[in-house]
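Here are my notes for your first read of this model. Please keep the sequence and the 3D view open as you go through the points.

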Amino acid sequence: MDDALNFRFTKAERLSSKKKIEELFAKGSSIYLYPFRLVYIAHTEPAPHQLLISVSKRNFKKAVDRNRIKRLIRETYRTNKHLLSASESKYRLALIYTAKEIPEFKHLNQKLIEILSRLKNM
RNA sequence: UAAGCAAGCCGUCUUAUCGCUGCGUAUGCAAAUACGGAGAGGAAAGUCCGGGCAGCACAGAGCACCGUACUUCCUAACGGGAAGGGAUGAUUUUGGUGACGAAAUCAUUACAGACAGGGCCACAGAAAAUAUACCGUCCUUGCUUCGGCAGGGAUAAGGGUGAAAAGGUGGGGUAAGAGCCCACCGCUCGGCUGGCGACAGCAGAGGCAGGGUAAACCUUACGGGCUGAAAGGCCAAAUAGGUUCCGCCACCUUCGGGUAAAGGGCGGCUCGUCCUUAUGCGGAAUGGGUAGGCUGAUGGAUCCAGCGCGUGAGUGCUGGGCUAGAUAAAUGAUAAGAGUUUCCUGCAAAGGAAAAACAGAACCCGGCUUACAGGCUUGCUUAUUUU
RNA sequence: GCUCGGUUCGUCUAGGGGUUAGGACGCGUCCCUUUCACGGACGAAACACGGGUUCGAUUCCCGUACCGAGUA
């Protein structure tokens, strides 16, 4: 599977099972790099990397703001996920946005590249 | 032309690249791929009302509880809306000695009942509701130092208090007073007329028959069964357990049991002793049902136009259109350009900078409330200019 | 998504039409003590916001904002 230049983000790449999410938060490890907290766990199923994005309702009261941030994060992951394709094991990931301001795309992009590189070098 | 008010409408656009979710077509067993076309709002918000829809409950009636409250109408329904009535307030004009009345315009109005019943009305005040008279006014008796003092009685006109003081004004009357009497204003009552009705008008009777509070209890009338799509319906892995069927047990028996065998515990091992052995083991089928999936679920009290009815909210007919359907939850990101507004430079042309609101569907509708940069249209009022 | 409840000194609370809005802890000043603590006296300090009903509202009604709880 050569997905080095695959910028798609399909349903299979989203983490939506309640059980798997509970397992991820119960057993997973985490990396903190402002403004993100990344929770991850390796899995052995044939599925690709799976991602969940979370923005707290406590920090952003308006649904418009939460949607905006989640969309920005999804775009940055979509354009940078090839960084993980060289990795041997497959991960389940949860990206939690912890800052209290609405971010700029460029800044977010740079931070996401940093945190994905760290995960890759684990 | 400018400002204000009211009503209605809009509330960024284009291109390129990379993406997301349905739908249609084609290929494919399928996963998926390709092409085409679609993809947030006026409030999607708050969840304050009402309805559809669904499950459960239900003979009928009453009580309790909750809600609503001028009238008529609109509507599927409403606590929403329309038209009207009353009340209150403001302004202008006007009548009257006065109390107060009349007309016009504008604004506000949760506006049933206080004679069904009790309850409450702080402080102040004599008294706060069946008037125990504080000051005062008047009559009278006694005393008097002639200034008054004390007692008995009449009096709600005046003072003062209060949010509110027991109809008001003018006159007569009286010892002083008082609807005690009269006129007017107001009030109450029944009648007639107009209006579907709220109510209005007219003439008459009654000296007036008694404060406020029901967004406190309450009374009356009307309405309300409870629960919400996380409702409800369907399909259905793996594991465990349920049911049914099949297979698997050494011998004797007087059917109570006995002997043997297998496995396990105690024990270093043998012996010994104890426990278990069809309520078991294996296989197949099957019902419920978990994860998960499908449905509910997007064509409707629908939208647009025309004609008609109605003062209006609305409504009838005809023609045309299809306009999001996600589910850890799509509708996006980046770049360039255009347009709008504001500011700066500039005579101008133009250039530069900044801003672009409130806000994101979650079963669906009808309302209400709240938030909102900027713009457009119509009507009314005021001001200015031109003809 | 749906359904309930609450908001009173800095904090925790009482009060449910007329109050000087009460109490505890905390804070400040003074007294006591050689000093601190304890104790005593005095003081400052609050009804979320906007309308309405009423003579009068923290209290009753409506709306807004914020906080919290329940429900798979």
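**Notes on the strands and the RNA surface**

1. Strand E2 and strand E4 (residues 90-97) run antiparallel and are joined by eight bridges. Strands here are DSSP runs of E with at least two residues, helices are runs of H or I with at least four residues, and both are numbered from the N terminus. Two strands count as paired if DSSP finds at least two bridges between them.

2. A word on the basis. This is a predicted model, in which local features need pLDDT of at least 70, side-chain atom pairs need pLDDT 80 or more, and totals for chains, interfaces and linings use all residues. Residues are numbered from 1 along each chain as its sequence is written, chains are lettered from A and ligands numbered from 1 in the order in which they are written, and side-chain values use heavy atoms, leaving out hydrogens and water.

3. Strand E1 (residues 29-33) pairs with E2 in the antiparallel sense over five bridges. A hairpin of two residues joins E1 to E2. Ile-31 is bridged to Leu-38 of E2.

4. Is E2 enclosed or open? It is largely enclosed by the rest of the structure, because six of its eight residues are buried. Buried means under 20% relative accessible area, exposed means over 50%, and partly exposed lies in between (1.4 Å probe, protein chains only).

5. Look next at His-43, which lies in E2 (residues 36-43). His-43 is buried, with a relative accessible area of 9%. Leaving aside residues up to four places away in sequence, His-43 touches Pro-48, Lys-90, Tyr-91 and Arg-92; contact means heavy atoms within 4.5 Å. A polar side-chain atom of His-43 lies 3.4 Å from the backbone oxygen of Pro-48.

6. Now the RNA. There are 22 residues around RNA strand B, and Leu-15, Arg-68, Arg-71, Arg-74 and Arg-78 come nearest. Of the atoms of RNA strand B within 4 Å of the protein, 76% belong to sugar and phosphate. A residue is near the strand if one of its heavy atoms lies within 4 Å of it.

7. A polar side-chain atom of Arg-74 lies 2.5 Å from a phosphate oxygen of RNA strand B. For Arg-78, a side-chain N or O atom is 2.8 Å from a sugar or linking oxygen of RNA strand B.

8. Which helix gives the largest share of the surface near RNA strand B? H2 does, with nine residues.

How values were computed: Polar contact = N/O pair within 3.5 Å; in protein donor to acceptor, adjacent residues only side chain to side chain.
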